[in-house]
Amino acid sequence: ACTSNENPTSEKEKPAKLVISTWGFAADFFRDEVYKPFEDKHNVEIVLDTGNNADRLNKVRQGNSDVDVIFLSDYYAQQGIDDGLFETIDRSKVANIDKIYDMAKAPLGENYGPAYTVAQFGIAYNPDEVGKEIASWKDLWSNELEGKITIPGITSTTGPMFLDAASKVSGSKEFNEDKAFEQMKMIMPNVVKEYGQTSEFVNMFAQGEIVAGPIMEMYFADLQEAIPNAKFVSPEEGGYAVMNTVNVVKGSDQKELSEEFINYILSKEVQEKSAKAKVDSPVNTDVQLTETEAQGLTYGEEVINDLLVLDMKFINESSKAWIDRWNRELVQ
Amino acid sequence: MKKYYLYLLLLPGVLFLTIFMIIPIFLTIGSTVNNESGFTIQGYIDFFQDRYFIGILLTTLRVSMITTIICILLGFPAAYYISKLGSRKKAIMLLLTIFPLLTSPVVRSFSWMVIIGRNGVLNNLLMSVGLIEEPLDILYTPTAIIIGLVHLFLPLIIVTLVGVMENIESDLLKAAESLGASRLAVFSKVVIPLCVPGLVIGSILVFVGSFTAYTTPALLGGKQRVISTFLYQNAITLNDWNLASIVATIMIVVTILIITIMNGMAKKLNPKG
Amino acid sequence: MALFTLQDISVAYNKQNILKDFNLEIEKGKLVSLLGPSGCGKTTTLRLIAGFLQANHGKFLFKDKDYTKVPVNKRNFGFVFQNYALFPHLSIFDNIAFGLRLRKIAKSEIEKRVMNVLDIVNLKGFEKRYPQELSGGQKQRVAIARALIIEPDILLFDEPLSNLDANLRVNMRVEIRRIQQELGITTVYVSHDQEECFSISDQVAIMNNGVIEQLNDPATIYKYPGTKFVADFIGFKNFIKFDKRSDYEDRIELSKSGQVFVIQKDSQMINTSGKTGAIRPDNFLIQAKDTLESPLENGLYGKVKVSTYLGRSYQYAVETSLGDFTVNKEMIEPYRAGQEVILGIPRNQMVLVD
Amino acid sequence: MALFTLQDISVAYNKQNILKDFNLEIEKGKLVSLLGPSGCGKTTTLRLIAGFLQANHGKFLFKDKDYTKVPVNKRNFGFVFQNYALFPHLSIFDNIAFGLRLRKIAKSEIEKRVMNVLDIVNLKGFEKRYPQELSGGQKQRVAIARALIIEPDILLFDEPLSNLDANLRVNMRVEIRRIQQELGITTVYVSHDQEECFSISDQVAIMNNGVIEQLNDPATIYKYPGTKFVADFIGFKNFIKFDKRSDYEDRIELSKSGQVFVIQKDSQMINTSGKTGAIRPDNFLIQAKDTLESPLENGLYGKVKVSTYLGRSYQYAVETSLGDFTVNKEMIEPYRAGQEVILGIPRNQMVLVD
Amino acid sequence: MQEKNRGLALFTFLVFIFLLGPLLIISITSFEGGTILKFPPEQFSLKWYKNIFEVKMFLTTFNTSILVSLAGNLLALLIGVPAAYALSRFDFKGKSIVNAFFVSPILIPGIVLGFTFLRYIVVIYQLPIYAGLFIGHTIIMLPFIIRVISSSLSNFDFSIEEAAESLGASKLGTFFTVVLPNIKSGILAAVMIAFLESFNNVDISVFMTGPGVSTLPIQMLTYVENYFDPTIAAISVLLMFITAFFMFMVERLMGLSYFTKR
Ligand SMILES: Nc1ncnc2c1ncn2[C@@H]1O[C@H](COP(=O)(O)OP(=O)(O)OP(=O)(O)O)[C@@H](O)[C@H]1O
Ligand SMILES: Nc1ncnc2c1ncn2[C@@H]1O[C@H](COP(=O)(O)OP(=O)(O)OP(=O)(O)O)[C@@H](O)[C@H]1O
Ligand SMILES: [Mg+2]
Ligand SMILES: [Mg+2]
């Protein structure tokens with residue numbers, strides 16, 4: 001970011017600028033509870049670039065944005081790493097890494113950023129509207145849900161996970177691309193709209209446009225706010241782990257401050273706040289939550305360890321082909 | 001002497017547009033027919049062999065066509081009515097027509113989300129009067145796009161047609177009457193033929209507008225993609241600038257084609273207009 | 001017998017009366033023109049006859065039937081508009097055939113009649129063209145043909161020539177008169193050009209402010225305007241308001257400020273009891289004050305205020321004890337401004353108006 | 001001595017010559033008007049003098065200095081436009097003061113001079129108004145005032161009165177003439193209204209197609225048009241192209257198809273060797289063929305084709321062995337179409353033109 | 001006859017319900033007290049109006065929008081006024097081509113323009129996003145500026161220019177002392193219309209977002225995707241007020257005829 005300041009008329013030293021690229025979600029919480037204290041402490045001005053994973057990553061790819069720190073899901077972070085967009089991280093500067101779940105420490109390798117939250121990708125539904133219980137991924141294929149669900153688009157982080165789930169529903173043990181797409185075709189009549197960001201899911205759910213669909217658990221609290229009876233289930237076949245990582249963008253002129261910020265994000269203080277606000281599930285093991293506090297969060301060692309984890313490298317290699325097939329075979 | 005002034009006055013605008021618009025557009029178009037090995041139209045061959053791409057193009061054209069037809073059907077009678085009003089009432093009606101035209105398309109599309117959603121105003125109304133039992137699924141369908149686009153462009157066609165109808169000399173209508181024409185005959189034999197040029201201009205505006213609209217399909221379209229959202233997706237989400245450039249070129253070409261064809265049609269229909 | 005009659009018609013726009021107790025009778029086969037200044041209600045009268053306008057009260061009789069409420073398209077009156085009002089989207093043929101097509105006449109018959117009427121208006125060979133491709137005079141003739149072809153009971157013209165240039169105007173008015181007389185169509189013709197009306201009409205109605213001031217044949221109007229307005233309108237620029245009028249067997253004596261004027265008494269003059277004398281600028285006699293010529297009839301001393309050369313004649317503004325007069329005179333040696341002169345009024349050149 | 005001179009000027013628009021080898025000299029203090037049909041180049045000449053337009057070649061001399069390339073704003077010529085061209089955003093005062101302000105004249109001086117010129121054009125008390133609040137004639141006077149105040153070396157008028165109604169036109173032309181003479185400003189005045197030019201000018205230049213056909217004082221032009229074009233333009237509607245011309249001491253004899261006509265020979269007639277005779281419609285004599293009256297001078301048999309009532313007179317189109325003639329005559333009992341008549345041409349009423 | 005007109009009147013009335021109803025409904029829902037958009041609202045509250053001012057992004061993007069529209073407007077005026085003047089004042093060969101050239105930004109699909117601006121102005125020319133936004137908006141405003149000012153110049157009597165010159169004014173002086181004051185209102189109308197076009201623009205701005213840079217419509221678009229509370233309805237009402245005010249001004253300045261002559 002541009003920190004040079006040659007304007008002699010300003011009296012107080014103008015704060016440095018830290019550009020953070022993140023989702024648009026819960027913006028107010030982050031601004032007041034997370035960024036503000038950091039800004040005050042480090043005399044820095046935090047500038048946000050918000051949007052979904054893909055759009056934000058592409059902006060960094062195009063090399064014309066001056067982002068320092070970027071929040072991305074593991075799927076996209078892997079793409080960024082493959083394209084050489086991120087700085088390696090000096091783990092000694094990020095002391096709090098030691099305090100988080102092992103799974104979250106280096107999901108994409110030691111050189112790159114940790115996951116600051118792990119979320120479960122499962123199913124949420126409105127029992128009043130669905131009329132029966134949903135317990136497994138394959139329940140989403142039910143005829144009764146015609147025109148009433150949404151699924152993540154293939155370009156979103158959870159897209160490949162749902163594709164994997166489709167493969168499982170089709171009965172294949174190992175991931176089978178053809179079978180998965182066959183299975184996906186069958187669910188399309190139920191789908192009103194693919195969602196690109198989870199907040200769209202929340203909107204549609206609240207508006208009654210949909211009654212069920214696969215979603216990350218961390219958004220469940222918002223669903224409940226709109227529809228108190230809403231339920232979240234870990235499907236029988238297993239939920240998936242979504243790891244949201246944080247990285248420093250190559251060419252950042254604020255590398256140290258960025259690492260400081262990553263460390264700050266992993267701190268017990270921040271992790272606890274966002275857990276209690278039901279914004280993000282904590283990865284910091286020091287964070288202790290009561291049962292009610294933990295509701296809607298993906299919390300606890302066992303829960304975390306049960307989650308399915310996909311191989312991001314494999315997904316990345318296949319994603320181009322999948323996107324193509326998806327557009328070609330499913331949309332329209 | 002005069003020439004020199006003229007160039008001086010036009011130069012800044014010509015330069016600005018050339019550098020920032022014309023050159024980029026030609027480069028974009030150029031990039032679609034160039035690769036490392038030189039000239040190629042492979043990109044277009046691929047595009048037009050791909051049923052998915054063709055599907056998007058055709059859907060967009062179909063949506064635009066339907067939108068245009070609905071706009072004409074709704075707009076023509078309304079415009080005729082307005083053009084016959086006294087000047088004060090006409091001014092008010094025109095203001096009311098123009099107001100939505102100048103209102104942000106985001107606002108206008110959003111308002112339709114509120115209305116045609118499952119729990120929206122329309123479904124609540126219809127259900128409460130017992131016309132339907134299950135809410136209608138309109139939002140996130142092509143129908144929703146069409147509704148939004150009609151709302152977006154109807155004012156345009158009304159305003160255009162009122163302008164044309166106002167310019168029909170009232171003596172022409174009187175002349176027809178004095179020759180024995182009933183009101184219906186005046187309308188069908190004089191008013192409608194004389195409105196053809198305006199109708200074509202209006203249709204071009206609506207069709208091209210619908211064909212290239214982004215906000216409305218993005219908000220109301222659901223999984224239905226149209227050419228502009230497809231361009232956006234390729235440019236931003238998928239970072240496939242080759243395909244995006246091809247789509248952009250196709251949009252330009254189709255737009256120019258539409259304008260040319262419809263202008264030609266207008267000339268044919270009204271050779272002496 | 002009158003073909004049609006306007007009886008006590010009143011028309012108002014926005015509560016403002018435009019025509020007031022308007023009466024007009026027109027005989028079959030005649031061409032009557034309405035002449036008057038702008039805004040006097042000529043067009044309004046014509047539109048009323050055509051049926052474009054409804055009277056607030058009064059009656060319109062046509063062939064003794066009450067036509068007051070008959071709609072335009074049932075009247076079968078032809079209307080020729082000032083700006084032609086040709087249908088721009090139709091060829092000349094189709095423009096002219098318009099009225100016949102509405103009457104569901106057979107195609108071959110239409111063809112025959114269009115050709116016939118094109119012949120009448122001298123436009124053979126133009127049938128394939130479009131209105132934009134014609135000159136003003138040709139357009140006007142198409143407009144006439146279009147009105148003629150429905151064999152209208154009345155033909156109405158609203159300043160049909162005012163958009164044409166001077167030469168064409170003269171030719172077209174001869175043409176219109178020829179066609180009207182050939183076909184014997186009853187015609188109402190509106191114009192504000194005096195010469196045009198005089199040259200074309202059987203009768204001229206001079207209108208002012210929503211009423212007809214005088215309805216007569218052109219020569220009578222020219223010679224014997226009935227009112228001051230009419231006199232002024234047709235060129236009697238000079239008026240003398242006398243104090244006293246005495247009628248004798250063969251003459252009328254008028255006096256003002258003690259000065260006595262004598263004019264010839266003729267049949268027309270008996271109709272009015274007016275005491276205002278009107279004289280055209282051309283009709284004064286004028287001589288220098290200190291001339292040796294014989295004294296002028298009805299002489300009056302004056303002084304030239306302005307002298308203007310008009311080509312044909314000189315025009316003088318002359319100041320007299322009875323007011324300023326405008327005098328035109330053809331002469332070689334003009335009077336100069338300031339010169340004292342005597343004006344004379346021949347006894348047959350002054351008319352009396354109300 | 002000439003104040004300014006146009007020497008062999010040519011002007012072309014899009015390769016089309018509008019003025020060709022145009023020459024004009026104007027003396028100080030004179031009012032010269034350019035008269036001619038539409039499109040003949042009057043405005044072009046005026047704009048050339050003003051400097052709005054550059055000649056393709058030729059010279060413009062002003063006080064013997066070459067002014068050809070001097071830009072408009074350095075010429076100090078006043079221009080009065082047909083449509084007034086007042087500045088709508090400025091008050092009358094500011095409109096008139098515009099030129100003085102540019103000359104950086106002291107405020108008090110400006111005030112004095114504006115008031116003075118307002119007085120000249122009779123518009124005292126209007127200085128606070130805006131152009132929209134004035135009538136046509138008042139606007140025209142402001143336009144004149146605005147041009148006058150810079151004490152222009154030449155005043156140029158381009159049809160200054162053509163947007164005004166007839167009465168006002170007459171008043172304004174008297175006004176313009178008065179001001180011009182009072183201040184002695186050299187003036188070029190363009191119009192296509194013959195009467196206007198004749199009444200106002202010291203000299204009239206009749207233009208046709210980019211050249212001056214005749215430059216003379218108004219009376220001479222009226223009486224002795226030099227060319228057929230000029231004759232036609234000022235109302236000699238009838239022309240006879242004779243085969244032979246023989247000049248004698250006191251008369252000229254002309255013949256066509258064996259018929260001989262005699263006209264008076266006067267000083268002007270010597271200047272031309274033309275064999276075309278021109279006669280005004282008013283100047284014919286006319287009598288019925290079978291009349292008992294004395295035979296007419298230069299008599300000619302004919303037949304009335306059309307007879308039109310013009311109010312003042314009747315107009316006849318008469319067919320003769322020498323062609324059709326237009327004849328005006330005041331009379332009570334008009335001739336009818338078809339009637340055979342004899343036309344006479346008084347020997348001093350026909351002029352010869354080239 | 002009367003019957004037919006009544007039918008037409010009813011039809012027109014319904015068309016206007018369709019046109020204006022949604023805007024009315026959204027205005028009403030902005031006063032909803034709950035967190036979910038409802039119609040008719042269940043409780044009355046102004047809290048969503050307050051929320052507009054609490055969401056920082058709305059204020060920043062509003063500022064950006066205003067700034068970009070105003071600055072772009074200024075540049076478009078500097079470029080457009082001379083061009084409009086030349087196009088109205090002079091006749092020259094190829095005038096209609098030059099005219100079409102200046103109006104061409106309207107004819108090219110906005111989304112295509114946006115994409116090419118991103119691709120070339122931002123990525124290839126390496127100008128900052130702000131500059132891209134500014135240039136892009138200038139380009140889309142240019143046709144409106146030129147069109148409106150040309151139309152106000154078309155009523156302009158250029159002989160007053162000559163009058164000024166003959167009274168001693170230079171060419172430039174003439175422009176500032178007599179032309180400009182007389183097309184003031186046309187310029188003002190042009191500014192407002194162009195402003196609305198730019199201020200409401202999505203197609204171009206959607207490509208020109210970056211850290212801290214985004215325009216209000218884009219922010220609203222994002223917000224609609226993320227939240228479905230009445231804040232957007234409240235903003236809509238405010239925007240409609242701006243639109244109505246501008247329309248009122250334009251109507252005052254140019255008369256309605258501007259809108260009907262397209
Ligand atoms: N539609 C109308 N509404 C209100 N007043 C009108 C209307 N039409 C005409 N008038 C008024 O009625 C009066 C007579 O108008 P009309 O058109 O009959 O005059 P005219 O004699 O034909 O004049 P012109 O020679 O100018 O055509 C005028 O004062 C005019 O202003
Ligand atoms: N700007 C121009 N471009 C091309 N031709 C022109 C231009 N201005 C005038 N002309 C042509 O030059 C000729 C003379 O024009 P000019 O204006 O001098 O005529 P005018 O005598 O003033 O006529 P009017 O009485 O109609 O004003 C006309 O044929 C006209 O068409
Ligand atoms: Mg009239
Ligand atoms: Mg001229």
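Where in chain D does Gln132(D) lie? In this predicted model, Gln132(D) is placed in the loop that runs between helix H3 (107–120) and helix H4 (136–148) of chain D. The relative accessibility of Gln132(D) is 56%, and the residue therefore counts as exposed, the threshold for that class being over 50%. Ser91(D) is 41 residues away from Gln132(D) along the chain, and the C-alpha atoms of the two residues are separated by 9.6 Å.

The surroundings of ligand 2 were examined next. Ligand 2 is surrounded by residues of chain D, namely Tyr13(D), Asn14(D), Ile18(D), Ser38(D), Gly39(D), Cys40(D), Gly41(D), Lys42(D), Thr43(D), Thr44(D), Glu159(D) and His192(D). When this shell is divided by class, seven residues are polar, three are nonpolar and two are charged. Among the contributors to the shell, helix H1 (residues 42–50) of chain D gives the most, with three residues.

Several side chains approach ligand 2 through polar atoms. In the side chain of Thr43(D), an N or O atom is 2.5 Å from an oxygen atom of ligand 2. For Lys42(D), the corresponding separation between a side-chain N or O atom and an oxygen atom of ligand 2 is 2.8 Å. A nitrogen atom of ligand 2 is involved in the case of Tyr13(D), whose polar side-chain atom lies 3.5 Å from it. Ligand 2 exposes 630 Å² when taken alone, and 59% of that area is buried by the protein.

A further position in chain D is Val306(D), which is found in strand S17 (residues 300–309). With a relative accessibility of 32%, Val306(D) counts as partly exposed, because this value falls between the limits of 20% for buried and 50% for exposed residues. When residues up to four places away in sequence are not counted, Val306(D) touches Gln315(D), Tyr316(D) and Ala317(D). Val318(D) is twelve residues from Val306(D) in sequence, and the C-alpha atoms of this pair are 7.5 Å apart in space.

In chain B, attention falls on an annotated span. An unreviewed UniProt entry lists residues 57–262 of chain B under "domain: ABC transmembrane type-1". In the model, this span of chain B is 81% helix and 0% strand.

Key
Residues are numbered from 1 along each chain as its sequence is written. Chains are lettered from A and ligands numbered from 1 in the order in which they are written. This is a predicted model: local features need pLDDT of at least 70, side-chain atom pairs count only at pLDDT 80 or more; totals for chains, interfaces and linings use all residues. Side-chain values use heavy atoms; hydrogens and water are left out. A residue is near a molecule or strand if one of its heavy atoms lies within 4 Å of it. A polar contact is a pair of N or O atoms within 3.5 Å; within protein, one must be able to donate a hydrogen and the other to accept it, and residues adjacent in sequence count only if both atoms are side-chain atoms. Accessible areas come from the Shrake-Rupley method with a 1.4 Å probe; for residues, only the protein chains shown count as cover. Helices (H or I, at least four residues) and strands (E, at least two) are DSSP runs, numbered from the N terminus. Ala, Val, Leu, Ile, Met, Phe, Trp, Tyr, Cys and Pro count as nonpolar, Asp, Glu, Lys and Arg as charged, and the others, Gly among them, as polar. Buried means under 20% relative accessible area, exposed over 50%, partly exposed in between (1.4 Å probe, protein chains only). UniProt positions are given in the numbering used here, feature names are shortened, and annotations may be inferred rather than shown by experiment. Contact means heavy atoms within 4.5 Å.
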